[in-house]
Amino acid sequence: MTDGAVTEVARVLVAADKFKGSLTAVQVAERVAAGLRRVVPELEVETLPVADGGDGTVAAAVAAGFERREITVTGPVGEPVTAAFALRGTTAVVEMAEASGLQLLPEGVFAPLTATTYGSGEVLRAALDAGATTIVFGVGGSATTDGGAGMLAALGAVFLDADGKPVGPGGGALADLASADLSGVDPRFADVDFVLASDVDNPLTGPKGCAAVYGPQKGATPEDVATLDAALAHYAQVLEKAIGPRAAELAASPGAGGAGGIGYGALLLGASFRPGIELMLEVLGFAPALERATLVITGEGSLDEQTLHGKAPAGVAAAARAAGKEVVAVCGRLALPPEALGTAGIRRAYPLTDLEPDPAKSIPNAGPLLEQVSANLARDFLL
């Protein structure tokens, strides 16, 4: 063993997130397992693809044994899209990106002012119709900045302009909002354990709000950001008139700014907020898998400063360290120094860029490269 790490490794747990743009979390797990077995053919490997609430959350739940359900809903720019949620017993995992995600827009096309979360509300209603009494609502990867107004409208809320007409889709239209009525929202939410799973704790508005921080990723110009932030602040004020001071309190709450403010809409529905990876590890059954493991391998496409703030590898490493288990990571690129990795509980990271520094080549060849770095990891930690 060249790294002085682990002796007599009996079982490896692969609990990694997707490599965005190249491999799903399921594919990452498969490639890592294949690379490890090149070196230790009889190795026991347990795979548990993970997600932090953003895109890939439903796929991770399905890989953990949930049933995949598909429905046709309204996409972010109004076109029909096929969205999935995951169901096991009376627990549903709903991912807003399935209905309202950036990946549903044509490449290079953005709709920062008009993209709607209406389809996310339709998926939530489908989960209720399927008998869910616990709903884990993963938010992230959104194309939207509408404060969850579209989602609430799909669930029975009414948002009218000064002429008594429904306001248009998207955050920009909220500038025209004159009245809000939440009394028609699906009453089943009163009896549901509704949990907002997010890796961001931003408030709805202001310099740390969803428009300012995440709007530019969705194509918003500085002018668009100002328009959206003002429209969302106005939206919260109109809601305050409708339901009282709770509307303002929730707008300032951690998580309200998740996924273009859909977190705010979820909080208005009575959701409790929890860090996405912490909640998803519970839902996916991470604790018993961790107990069986001797070595844990985590990872994601880019291990960087963001990783340390609630992303999946940091959550996996924290849980594994608390259980006294060694953790190593695989990634597409590594932008953290060894000290930061160590602080996060990760012993060592194996980036694909060690083998192929050119991203234009490493991204399309991520699968074979990941097998190679996993074989190197096996030589260091398993022999």
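## Terms and model

Helices (DSSP runs of H or I, at least four residues) and strands (DSSP runs of E, at least two) are numbered from the N terminus. The structure is a predicted model, in which local features need pLDDT of at least 70, side-chain atom pairs count only at pLDDT 80 or more, and totals for chains, interfaces and linings use all residues. Residues are numbered from 1 along each chain as its sequence is written, and side-chain values use heavy atoms, with hydrogens and water left out.

## Packing of α1 and α15

Helix α1 (residues 25-39) and helix α15 (residues 366-381) have axes that come within 7 Å and cross at roughly 45°. Axes are lines fitted to C-alpha atoms, for helices over the stretch in contact, with angles from 0 to 180 degrees between N-to-C directions.

In contact (heavy atoms within 4.5 Å), residues of α1 including V28, R31, V32 and L36 meet residues of α15 including L370, E371, S374 and L377. The residues of this contact comprise 10 nonpolar, four polar and four charged. Ala, Val, Leu, Ile, Met, Phe, Trp, Tyr, Cys and Pro count as nonpolar, Asp, Glu, Lys and Arg as charged, and the others, Gly among them, as polar.

## Pockets

A pocket is an open set of points on a 1 Å grid over the protein atoms alone, where a 1.4 Å probe fits, with protein on both sides within 12 Å along at least five of seven lines; lining residues have an atom within 4 Å of a point. Of the 40 residues that line the largest pocket, K20, G141, D199, Q306 and K311 lie nearest its centre. Its lining has nine nonpolar, 19 polar and 12 charged residues.

The second largest pocket is lined by 17 residues, with K18, L23, T24, D55 and G56 nearest its centre.
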